[in-house]
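The structure under discussion follows.

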Amino acid sequence: MRTQVAIIGGGPAGLLLAQLLNRANIATALIERQSRHYVQKRIRAGVLEWGTVETLRKAGVGKRMDAEGLIHEGCYLAAQNRRFRVDFKKSSGNRVMIYGQTEVTKDLYEALEQASAEVIDEASAVELHDVVTEKPFVTYQKFGVEHRIDCDFIAGCDGFHGISRLMIPLEQRKEFERVYPFGWLGVLSETPPVSHELVYANHARGFALASMRNPNLSRYYIQVSLEDKAEDWSDDAFWDELRCRLPTEVSEALITGPPIEKSIAPLRSFVCETMRWGNLFLCGDAAHIVPPTGAKGLNLAVSDVHYLFEALKLRYAAHDDHLLDQYSATALARVWKAIRFSWWMTTLLHRFPQQTDFEQRIQESEIDYIATSQAAQCVMAENYVGSPY
Ligand code: APR
Ligand code: PHB
């Protein structure tokens, strides 16, 4: 088989790139290792920057998002049993949309199906070949049969554990990493959210977050030790700990219910420089990871895809490679801003092992500074709603 752009990985990055390219009449073949059912049941964050909202609309998948998504014009920060609101609209002129990544993925799969785009799931032994030549190709197996796809370009959208990044020789690839010494225990429950906007709480016992998916689906997190197992946390223990870490005026309104999902995720910051190797271009988690604290993971995948889509469109329309040549530098400049912001939010809000009382007071003082300084709120809001493309 021959196509123009072979896409490795059917997470949000790969699906969105396929959808944008197909609408621009650029042929794609998307190769995903897992089944579509598996991909669609993964639960991930749900805060969309406005640039993400507009890109999804441009891709023709904005209808359900616009009907069901919740627009948030601010969020709360909390410490020392008090909370205050950071007004995104007032401070940055922008806002965010609450719409789960699970739903974004569903919408994209449906749109690709309707467009009869080539999506191959349950592919095994996926391998990339000749990526630094004009004639790269991909091989994979399905139902025990070997297949080959010849193409002009390969988009590596296969996440942190994918194979694409590994095609860049070690000496040509510089990796930056910070692993945080704690995890997030997350619970999804079919209960009304405790607050109409998200609450990020710093507490001496550890961070807590009250989030949501829709008016009857809440998402809560608490910081836990990396040694903890989700099954060691009884439902009651989770709710008690969450209640204790949220300010009383919030926790008094907490409605609990049986969790429909409970899991622990580690926190990491990671960047791979470069994001391009020959005719292979990395997008999303294949090139970078952020801790969830700033809700940037999906949004960065979308901005990478935006840059790569515009570059490929120009190349096919006008034989002009200059945006492709700039892709890695352009994407990385935005990536590093989000890496810095999510590192900052993580550092500000979590309790670190061996953290001293002095350091706890420094965190509380910085949070108090944000509470009382319009300038500090502007900085936070501008970063939270996302830098422009
Ligand atoms: N061959 C084919 N597909 C692969 C391979 C492979 N060798 N390795 C991994 N994949 C697939 C995975 O099964 C997954 O579906 O690539 C996909 C990568 O998707 P994500 O990990 O979701 O990454 P991305 O699309 O970049 O999305 C970034 O979504 O997953 C969240 O936390 C992530 O919020 C971030 C955003
Ligand atoms: C979520 O709703 O899952 C969520 C929201 C905000 C974050 C992280 C996760 O910063």
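## Salt bridges

In this predicted model, a network of salt bridges links R64, E68, E103, K106 and D107. The structure as a whole holds 28 salt bridges. Side chains of opposite charge can pair when their charged atoms come close.

Three further pairs can be described one by one. K142 forms a salt bridge with D121, and their closest N and O atoms are 3.2 Å apart. This pair links distant parts of the chain: K142 belongs to strand β10 (residues 137-142), while D121 sits in the loop between β8 (118-120) and β9 (124-129), 21 residues apart. K142 has a relative accessible area of 16% and is therefore buried; D121, at 17% relative accessibility, also counts as buried.

R165 forms a salt bridge with E175, with 3.5 Å between the closest N and O atoms. R165 is buried at a relative accessible area of 7%, whereas E175 is partly exposed at 36%.

E364 forms a salt bridge with R361, the closest N and O atoms being 3.1 Å apart. Both residues lie in helix α11 (residues 357-372), three residues apart, which is about one turn of the helix. E364 counts as buried, with 10% relative accessibility, while R361 counts as exposed, with 55%.

## Domains and their contact

The domain assignment gives domain 1 (5-72 + 95-177 + 268-345) and domain 2 (180-267 + 351-385). Taken over C-alpha atoms, the centres of domain 1 and domain 2 are separated by 29 Å. Domain 1 brings 27 residues to the contact and domain 2 brings 22 residues. About 2000 Å² is buried between the two domains, and carbon and sulfur atoms give 66% of this area. I43, H72 and W344 supply 25% of the area that domain 1 buries against domain 2, more than any other three residues.

On the side of domain 1 that touches domain 2, the elements that give two or more residues are β4 (70-72), β7 (96-98), β17 (259-273) and α10 (322-349). Of these, α10 gives the most, with six residues. By class, this side of domain 1 has 14 nonpolar, six polar and seven charged residues.

## Two buried positions

N279 is found in the loop between β18 (276-277) and β19 (280-282). N279 is buried, with a relative accessible area of 11%. The side chain of N279 reaches the backbone oxygen of T133 at 2.9 Å. Apart from neighbours within four places in sequence, N279 is in contact with V131, T133, E134, P136, D152, F153 and I154.

A208 has its place in strand β15 (residues 208-214). A208 is buried, with a relative accessible area of 0%. Apart from neighbours within four places in sequence, the contacts of A208 are V199, Y200, A201, Y221, I222, L242, R245 and L246. The C-alpha atoms of A208 and L349 are separated by 8.6 Å, although the two residues are 141 residues apart along the chain.

Terms used. Residues are numbered from 1 along each chain as its sequence is written. Chains are lettered from A and ligands numbered from 1 in the order in which they are written. This is a predicted model: local features need pLDDT of at least 70, side-chain atom pairs count only at pLDDT 80 or more; totals for chains, interfaces and linings use all residues. Side-chain values use heavy atoms; hydrogens and water are left out. Domain bounds come from an automatic or database domain assignment. Contact means heavy atoms within 4.5 Å. Buried area is the accessible area (1.4 Å probe) that two parts lose on being put together, summed over both. Helices (H or I, at least four residues) and strands (E, at least two) are DSSP runs, numbered from the N terminus. Ala, Val, Leu, Ile, Met, Phe, Trp, Tyr, Cys and Pro count as nonpolar, Asp, Glu, Lys and Arg as charged, and the others, Gly among them, as polar. Buried means under 20% relative accessible area, exposed over 50%, partly exposed in between (1.4 Å probe, protein chains only). A polar contact is a pair of N or O atoms within 3.5 Å; within protein, one must be able to donate a hydrogen and the other to accept it, and residues adjacent in sequence count only if both atoms are side-chain atoms. A salt bridge is a side-chain nitrogen of Lys or Arg within 4 Å of a carboxyl oxygen of Asp or Glu.
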